[in-house]
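I opened the model today and kept notes as I went. The entries follow the order in which I looked things up.

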Amino acid sequence: MERDVLPIYEYRKELVQAVKDSNFLIVTGETGSGKTTQLPQYLHKAGFAKHGMIGVTQPRRVATISVALRVAEELNCSLGTTVGYQVRFDDCSSKDTAIKYMTDGCLLRHILADSNLCQYSTIILDEAHERSLSTDILFGLLKKLFQQKMCSGRKRPLKIVVMSATLDIQKLSEFFENCPVVKIPGRTFPVKEIFCNLIGPKNLEGSAYVAETVKVVMDIHLNKMAGDILVFLTGQAEIEKACNLLFTKGESIDYQYDLRDQSVEGLLILPLYGSMATDQQKEIFHPPPAGVRKCVLSTNIAATSLTIPGIRYVVDSGFVKQLNHNPRIGMDILEVVPIAKSEAVQRTGRAGRTSAGVCYRIYSKDFWDQCMPEHMVPEIKRTSLTSVILTLKCLEIHNVIHFPYLDPPEERHILEALKQLFQCDAIDRRGHVTQMGKFMVEYPLPPNMACAVIKAASVGCEDLLLPIAAMLSVENVFIRPGDSEKREEAERKHQALSMEAGGSNDFATLFNIFQQCRMSTSPARWCQQNFVHWRALKSAFSVERQLQEITRRLKQMKDFPREKCEGPRSEMLRRCLCAGYFSNVAKRSAGTTFRTMEGCGTMVKIHPSSALHGQEAELEWIMFHDVLVTSNIFVKTVCPIRYEWVKDLLPKLHEVDVYELSSVAREAVTEKEMAKWNIKEGLKRQNEGALEDA
Ligand code: ADP
Ligand code: MG
C-alpha cells in the first residue's frame, strides 16, 4: 500500500503541529491507518530527531522488529542506521539512529540508566490499548517525571505521544492532564459475523478449538470465493498443530520441520507467532501467487500490532494465551482463556480492511454471552509486579502504593511483590533497594534468575549458570514433530541428551545441549539431528555472551559479593539455582505428589517431559523452574536438591506477616486472604518506610 493513501496522511501537518504545541498528545485511529509506521517518519521529517531520538515503544518483540524493518524499507535505509530497533538481548541501533523502535520493557530499562531520557526528543508509547504492564508503568513514570520537573536536566522538554487503536481514550486523556487528542478516522468495509457453534461454554478446557478452527478454514477454502484467510489461535504449539492438521487434510505433502511455503491444494499456509524469524514473518505481507489463497495462522499479534493486507475471512478461535498470576502457586502462568468481546470485535475488523469480509467465530452465542468478558483486564492487575516494583525502587520511587497508576493494582499484589523482593534481598526492611537489588536490575532477567546468576558469579561458577539462564530466556528449544514416528525418534534423542547429563536434572540437560551444540563443528546439523531448534540455540549463544559481559562488568565492582563454595560442580549449579528459586522448592508428600513450600503449600506433580518423571519414589526435595496448570498442577524443568541447601533460605518464605500490614493493607486484604499468606513484620516496616518517603 502506498504511504500517501493511508488515512493518517491527511493529518500529517496537524499531527506535527500538535506534537510541537503540547507535551502530551494522544493519537487514536483504526488499526492499519498508519500510526506506527508513519507518525515517527513525519516527526523525523519535521526535524524532531535533531534534538534526540524519536523512540517508539511496542508491547511485543515481534512487532517491534517487523515494524522497524518496514520503516527502514520505506526510508530506504538499512536497519540499524537511521531506523533501528532494540528488544531484550538484541540491539540493532547505532549512533546514527533517529527513529528507534523498542519494546516497552527496553524503555523502562533505559530510564534506569538515564532518568531524563536525554537521548530522546520524543517518546511514542504505541499500542496503549493493549495495556501491557511495562506500558502502564511508563504512563505513570513519564507523567511523574513531568510533574516533578525531573526533566530539568534537559535542554528541551520531552514530547510524549500515546497511540491507541481504541477510541475509548477519555480516561487516558484525563490521566495526561487533559491533553489534546487527534483522531484519525478509519475506512472500513462491512464484515458479516457468523457464530459457527463449534465451541460452547462447556469447552473452556482442552484444545478442541484447534481442530474446530481447522475445519472452518477448510470449509472456507473449499466452498467460498477467493480471498485470504486470517486465523486467530493462541500460541506456537497450537499454530503448528493447526498447520499440521491442514497439511494432512490437504493429503499432499510430507511432514517437514519447516512449515513455511507449503501449498496444500491452492492454500498457502503461513504461521505467525512471536518467536519466528523475521524473514519468515516478512512473507505474510507478500501477496500470494495467482490462484493461491493465503492463510495466515496467527497469535493475537495480528489483531492490532501487524496489519496483513488482503484479508477477506477471519476465523476466530475465541481464545488467547494470557499471563495470569496464580495465587495458589504464587507464580505467573501462561493460560489459554476466552478473549474479551472488545478483542473479538477487533479481530473481526481485520476482515474488512480492503473489501467487505466475513468473520467466522467458531464459538456459539452462548459462549459469547457467558464466557467472554466485556473488556480485557490490564496486565498490571493480573501478573506479578516484582520486576517493575524493583525498577521503581531503583528509580528511588519508594512509595509504590501511591504511584500514579492509570489503573492501580490491588495492594496485596504490590505487597506480594515487596515480599518477594525482600526474600531475595533486593530490598531491605524499610523497602529501600539494597546493593543486591541494584546488581539484580543490571540483568535483563526475572529477579529469581538474576539472583541465582549473582550467586553463581559470587562463587565463581557463572560458566555453569549463564548457559542455563540463556537457555531459559529463549523460546522452547525442543522440537516435537507432529508425525508420530518422527515424534518417537525426537523423544529418543531428547532422552539421550538428558542421560548424557546424568539423567536426573533438567537444568543439566539444557546445559548439555548448549555445550554440545557450541562445541559442534556443524551446530545447525547437530540441532537438526537432535531435534533441537537451531534458531533458539543461536539466540541462547548470544544471550549467554551478553550475560557474561554484564557479569564481567559487575564483578569488577568492589561491592560485588564474593563467597567460597566447595563441592562437585553439579551440586554447585543446583545450590546457585536454589539461591534464586527457593520459593520453587517442593517436598515429596506421597506417591508422585510433592508439596511446595510457598504459602500453605500446593500439591504438584512432575511433568512427563521432565527427566525426573518416573523417578519420584527416589526423590525427597526438588526445585522447579516452570509450572503448567491443566487438570493437575505440573512442574517442569526440575532437579533434585538437598534440604541442607535451602534450610536457611526457606524461613524467609515465612518471615514476614501480612497481619501486621494492617495500616496500609486493611481495605485490600480480607482476613481470609491474609490467613493464606505467611508474612510477618518486614512488610509493615517496608510500607511504613514507603509512607514516610511519600
Ligand atoms: P497502525 O499503526 O495505525 O495500525 P501501521 O502503521 O502499522 O498502522 O500500518 C500501516 C499500513 O502499512 C498497513 O496498511 C499495513 O498493511 C502496512 N504495512 C505495515 N507493515 C508492512 C510490511 N512489513 N509490509 C507491507 N505492508 C506493511
Ligand atoms: Mg500500530
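Entry 1, the core. I started with the largest nonpolar core, which has 191 residues. Val 231, Cys 295, Ile 389, Ala 452 and Val 453 touch the most other members of this core. I picked Cys 295 and listed its contacts, leaving aside neighbours within four places in sequence. The list is Val 217, Asp 228, Ile 229, Val 231, Leu 267, Leu 268, Ile 269 and Leu 270. I noted that Val 231 is in contact with Cys 295 and is also among the residues that touch the most other core members.

The chain has an average pLDDT of 87, and 91% of the residues score at least 70. Residues 251-263 stay under 50, and the model gives them 20 contacts beyond four places in sequence. Residues 658-694 are also below 50, with 72 contacts beyond near neighbours in sequence. Where pLDDT is low, the predicted coordinates should not be read in detail. The model scores are ipTM 0.98 and pTM 0.88.

Is β3 buried or exposed? I found that 5 of its 5 residues are buried, so β3 is largely enclosed by the rest of the structure. In a regular strand the side chains alternate between the two faces of the sheet. In β3, Val 83, Tyr 85 and Val 87 point one way, while Gly 84 and Gln 86 point the other way.

Next I looked for the partners of β3. Strands of a sheet pair through backbone hydrogen bonds, either parallel or antiparallel. With β5 (residues 99-103) the pairing is parallel, over 4 bridges, and Tyr 85 stands opposite Tyr 101. With β4 (residues 90-92) the pairing is antiparallel, over 3 bridges, and Val 87 has Asp 90 as its bridge partner. β3 and β4 form a hairpin with 2 residues between them. Phe 89, in the turn, has a positive phi of about 65°.

Asn 76 is not a glycine, yet its phi is positive, about 60°. Asn 76 lies in the loop between α3 (61-74) and β3 (83-87). It has 7 other C-beta atoms within 10 Å, so Asn 76 is exposed. Glu 396 also has a positive phi, near 65°, and sits in the loop between α13 (386-394) and α14 (411-423). Glu 396 counts as exposed because it has 10 C-beta neighbours inside 10 Å.

Which strands make up the closed barrel? I traced 5 strands in the order β18-β19-β20-β22-β21, with mixed pairing. From one strand to the next the twist averages 55°. β18 (residues 585-590) and β21 pair antiparallel over 3 bridges, and the bridge partner of Val 585 in β21 is Met 623.

Helix α22 lies across β21 and β22, at about 55° to β21. This helix, residues 569-581, has 13 residues and reaches 18 Å from its first C-alpha to its last. That is close to the 18 Å expected at 1.5 Å a residue. Its buried residues include Leu 573, Leu 577 and Tyr 581, and also Arg 574 and Arg 575. Among the elements covering the buried residues of α22 are α16, α17 and α19, along with β21 and β22.

How values were computed
Residues are numbered from 1 along each chain as its sequence is written. Chains are lettered from A and ligands numbered from 1 in the order in which they are written. This is a predicted model: local features need pLDDT of at least 70, side-chain atom pairs count only at pLDDT 80 or more; totals for chains, interfaces and linings use all residues. A residue is buried if 20 or more other C-beta atoms lie within 10 Å of its own, exposed if 12 or fewer, and partly exposed in between; C-beta atoms are placed from the backbone. A nonpolar core is a set of buried Ala, Val, Leu, Ile, Met, Phe, Trp, Tyr and Cys residues joined through C-beta atoms within 7 Å. Two residues are in contact if their C-beta atoms, placed from the backbone, lie within 7 Å. The expected span of a helix is 1.5 Å times one less than its number of residues. Two strands pair if DSSP finds at least two bridges between them. pLDDT is the predictor's confidence in each residue, from 0 to 100. Axes are lines fitted to C-alpha atoms, for helices over the stretch in contact, and angles run from 0 to 180 degrees between N-to-C directions.
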